[in-house]
Amino acid sequence: MRSALLLITLMLFSLLTVAQPIYKTVDEEGRVSYSDKPPRGVQEDASDELPPVNNVPGQPVSPQRRATAEEEAPDPVDYSIEIVSPQPDSSVPPGQRDLPISVWLQPALQPGHALVYYLDGDPVAETRSTQHIVREIYRGTHTVRVEILDPQGQSLAATAPVTIHVHRPSVIPRGGS
């Protein structure tokens with residue numbers, strides 16, 4: 001929208017500059033220069049007339065009916081979404097470095113809608129895929145949830161948070177220090 005407004009503004013300014021008179025001057029060495037100010041000793045009305053601009057006639061445009069606000073707004077979608085993997089209170093073993101997340105979604109994601117995956121309340125991915133892998137998850141207890149957003153960023157549906165526990169080997173030696 002901004003680029004269209006900028007283009008129209010530039011076109012209007014270019015029309016103003018076309019309406020200005022242009023003066024052609026040839027010096028003693030044959031160099032030609034053009035200016036919007038008349039050269040010394042030349043009267044204001046002695047400007048050179050430029051040939052008309054070669055314009056292509058426009059094509060007739062058939063009027064199109066504009067859709068009303070009710071017609072433009074898509075019907076609200078009643079999504080059902082839940083996390084199918086990982087299971088609530090499940091553990092991630094020490095050898096597993098990544099956390100795969102899968103969601104069940106009904107109906108299918110509509111155009112413009114996105115799934116946002118959260119780990120501990122922070123977004124980790126925005127995608128249209130019902131599966132995502134969180135890489136290199138740290139040890140400890142984490143919560144995972146997924147939310148569906150419309151193009152304006154409004155939440156349409158969200159999963160219940162799922163708590164998981166990530167186990168990693170300790171770097172502290174056994175027996176104290």
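Reader: How many helices and strands are in the chain?

Author: One begins by listing the elements and their order. This is a predicted model, and its chain has 2 helices and 11 strands. From the N terminus on, the order is α-β-β-α-β-β-β-β-β-β-β-β-β.

Reader: What share of the contacts joins residues 24 or more positions apart?

Author: Here one looks at contacts with a separation of 6 or more; in this chain, residues 24 or more positions apart account for 55% of them. Burial and surface may be read alongside. Of the 177 residues, 21% count as buried. The accessible surface comes to about 14,100 Å², and carbon and sulfur atoms hold 55% of that area.

Reader: Which residues have the most contacts inside the largest nonpolar core?

Author: A nonpolar core is read as a set of buried nonpolar residues joined through their side chains. The largest one in this model has 22 residues, and those with the most contacts inside it are Ile81, Leu99, Ile101, Leu115, Val146, Ile148 and Ile164. Two or more residues each come from strand 3 (80-85), strand 5 (99-106), strand 6 (114-119), strand 9 (140-149) and strand 11 (162-166). Strand 5 gives the most, with 4 residues.

Reader: What does Val146 touch, leaving aside residues up to four places away in sequence?

Author: Its partners include Ile81, Ile83, Ile101, Val103, Leu115 and Tyr117, and also Ala157 and Ala158.

Reader: Why is Val92 classed as buried?

Author: The class follows from relative accessible area, with buried meaning under 20%. Val92 has a value of 4%, and is therefore buried. This residue lies in strand 4 (residues 90-92). Val92 touches Leu99, Ile164, His165, Val166, His167 and Arg168, not counting residues up to four places away in sequence.

Reader: Which backbone nitrogens does the side chain of Asp150 reach?

Author: The side chain of Asp150 reaches the backbone nitrogen of Gln152 at 3.0 Å and that of Gln154 at 2.7 Å. Beyond four places in sequence, Asp150 touches Gly112, His113 and Leu156.

Conventions: Residues are numbered from 1 along each chain as its sequence is written. This is a predicted model: local features need pLDDT of at least 70, side-chain atom pairs count only at pLDDT 80 or more; totals for chains, interfaces and linings use all residues. Side-chain values use heavy atoms; hydrogens and water are left out. A nonpolar core is a set of buried Ala, Val, Leu, Ile, Met, Phe, Trp, Tyr and Cys residues joined through side-chain atoms within 4.5 Å. Buried means under 20% relative accessible area, exposed over 50%, partly exposed in between (1.4 Å probe, protein chains only). Contact means heavy atoms within 4.5 Å. Accessible areas come from the Shrake-Rupley method with a 1.4 Å probe; for residues, only the protein chains shown count as cover. A polar contact is a pair of N or O atoms within 3.5 Å; within protein, one must be able to donate a hydrogen and the other to accept it, and residues adjacent in sequence count only if both atoms are side-chain atoms.
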